[in-house]
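Hi there,

Here is the structure I promised to hand over. My notes follow below it, and I hope they are handy when you open the file.

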Amino acid sequence: MAEKKKTEAQLLKEKLCYSPKNAGERFSDSEWEKADLFCEGYKKFLDMAKTEREAVEIAISMARENGFKAFDPTVKYKAGDRVFLNNRGKALILCTVGTEPIEKGVKIVASHIDSPRLDLKPRPLYEEAQLALFKTHYYGGIKKYQWTAIPLALHGVVVRADGEKVSVIIGEDEGDPVFTVSDLLPHLAAEQMQRKATDLIKGEALNVLVGGRMFKDDKESERVKLAVLQLLNEKYGIIEADFLSAELTMVPAFKAADVGLDRSFIGAYGHDDRVCAYTSLMAALKNKKPSTTVVTILSDKEETGSEGNSGLQSKYLQYFIEDLAAPHGIAGRTVLSNSSCLSADVNAAYDPTYSEVYERNNSAYVNYGVVVTKYTGARGKSSTNDASAEFMGKVRSMLDDAGVQWQTGELGKVDAGGGGTVAMYVAAYNVDVVDIGVPVLSMHAPFEVVAKNDVYQTYLAFDAYNK
Ligand code: MN
Ligand code: MN
């Protein structure tokens with residue numbers, strides 16, 4: 001049978017109209033398999049890296065295996081050299097020196113490795129009604145009610161009075177106990193259920209259950225708390241005052257899992273933004289001989305505004321570039337002014353259940369590939385980088401030429417809310433920046449969802465950019 005002749009309108013539409021395609025209409029089985037395989041590694045990374053410190057540790061060990069060495073600011077690095085800068089165990093810069101001279105600028109990919117969670121307060125442990133509990137202070141933008149009645153794991157470090165730093169992880173290994181924040185039973189929640197969702201669970205109600213057995217028969221008070229301290233002392237050699245010099249946090253205890261009968265999604269804690277951290281890390285490890293110097297940043301503190309010395313509002317990126325350029329007799333600002341950056345962070349995926357907050361034409365969709373976001377921010381584009389047409393043009397050609405499946409997306413309807421990324425902080429160094437990353441369902445929930453295809457396309461995007 002002869003092929004049906006296309007009408008004039010059909011042909012014109014193909015020529016003039018823009019219509020992104022679902023992965024299902026683009027890819028062969030072998031391409032799906034590549035995405036699935038890539039995501040097996042990603043799931044392992046998620047399970048091992050639930051905090052920024054753990055992510056830095058794993059990333060450094062992967063980098064060392066791929067020839068990266070600790071950065072030495074006195075060395076004049078040459079093409080093909082690979083270095084990493086560990087910023088206090090909480091943020092990391094990886095760099096592969098390119099064949100082009102450094103004054104031509106570098107290509108930066110900047111993601112973040114912190115995620116919303118429940119941090120323990122400096123004096124967390126208390127006893128009430130013969131229960132031992134931890135007081136917490138939430139970190140990042142959470143819907144507090146989502147963090148009750150789920151299994152939690154304790155992660156972090158404690159610096160003891162003797163200066164020794166102890167790493168803590170409880171709740172991840174098979175057979176480990178977990179922790180939980182209790183919620184009110186519906187039978188007695190008449191008043192609670194009338195509250196606004198922001199007050200449904202109040203900040204001071206995020207108390208974590210950690211023990212219920214009393215220290216052996218004695219007259220002393222608070223014997224449940226004492227028994228918990230005894231257990232911690234036996235296991236980690238710590239005393240109550242050591243909590244004062246600690247960073248301990250409660251994160252969801254569950255592991256990354258395939259979601260859906262077709263296993264097309266991954267559900268996990270902390271896709272935002274370890275999905276961009278992992279994909280950019282894998283791309284950074286792969287490219288051993290880039291033309292332009294490749295700088296990959298895994299940053300901290302994005303979820304609280306990028307402040308603090310491990311966040312991208314600190315000058316550690318600037319100092320690194322200055323130190324890299326100085327032995328060549330080049331000013332850091334010359335390098336930065338000629339540089340570009342992909343601000344690698346997630347965006348909201350269109351959710352049909354909550355369609356009212358999305359604008360159909362300008363939303364990102366799962367299985368439509370990596371999402372390029374020209375601007376984030378709130379209201380009248382407040383607090384945003386807003387990538388230039390020229391840089392968008394470059395990124396667009398780069399992705400199309402490499403055959404990467406990509407889409408564009410805004411964070412929901414105008415005035416529906418808003419949010420930011422590290423883009424504007426990198427742009428402040430006079431760098432061309434655009435946001436790019438993976439669309440996520442249930443962002444900032446304890447269990448976030450991404451499509452495997454989009455994870456893989458994001459990796460391909462970073463790989464194409466680094467070349
Ligand atoms: Mn993010
Ligand atoms: Mn976030």
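Let me start with the charged cluster: Glu40, Lys43, Asp258, Arg263 and Lys452 are linked in a network of salt bridges. A salt bridge here is a side-chain nitrogen of Lys or Arg within 4 Å of a carboxyl oxygen of Asp or Glu.

Before the details, the ground rules. This is a predicted model, so local features need pLDDT of at least 70 and side-chain atom pairs count only at pLDDT 80 or more, while totals for chains, interfaces and linings use all residues. Residues are numbered from 1 along each chain as its sequence is written, chains are lettered from A and ligands numbered from 1 in the order in which they are written, and side-chain values use heavy atoms, with hydrogens and water left out.

**The salt-bridge network**

Glutamate 40 pairs with lysine 43, with 3.0 Å between the closest N and O atoms. Both sit in helix 2 (residues 29–48), 3 residues apart, or about one turn of the helix. Helices (H or I, at least four residues) and strands (E, at least two) are DSSP runs, numbered from the N terminus. Glutamate 40 is partly exposed at 35% relative accessible area, whereas lysine 43 is buried at 12%. For those words, buried means under 20% relative accessible area, exposed over 50%, and partly exposed in between (1.4 Å probe, protein chains only).

Lysine 43 also forms a salt bridge with aspartate 258, the closest N and O atoms being 2.7 Å apart. Aspartate 258 lies in strand 12 (residues 257–259) and lysine 43 in helix 2, so this pair ties together parts that are 215 residues apart in sequence. Aspartate 258 is partly exposed, at 22%.

What does lysine 452 form with aspartate 258? That pair is a salt bridge too, with the closest N and O atoms 3.1 Å apart. It links distant parts of the chain, from lysine 452 in helix 11 (residues 452–466) to aspartate 258 in strand 12, 194 residues apart. Lysine 452 is buried, with a relative accessible area of 4%. Over the whole structure, the search finds 23 salt bridges.

**The two domains**

The domain assignment gives domain 1 (18–115 + 269–466) and domain 2 (118–252); such bounds come from an automatic or database assignment. Their centres, taken over C-alpha atoms, are 33 Å apart. In the contact (heavy atoms within 4.5 Å) are 15 residues from domain 1 and 16 residues from domain 2.

About 1300 Å² is buried between domain 1 and domain 2, and carbon and sulfur atoms give 54% of that. Buried area is the accessible area (1.4 Å probe) that two parts lose on being put together, summed over both. On the domain 1 side, Lys50, Arg53 and Pro446 lose the most area to domain 2, together 39% of what that side buries. The interface has 3 salt bridges. Elsewhere in my notes, glutamate 247 and arginine 53 meet through their side chains in a salt bridge of 2.8 Å, N to O.

Best wishes
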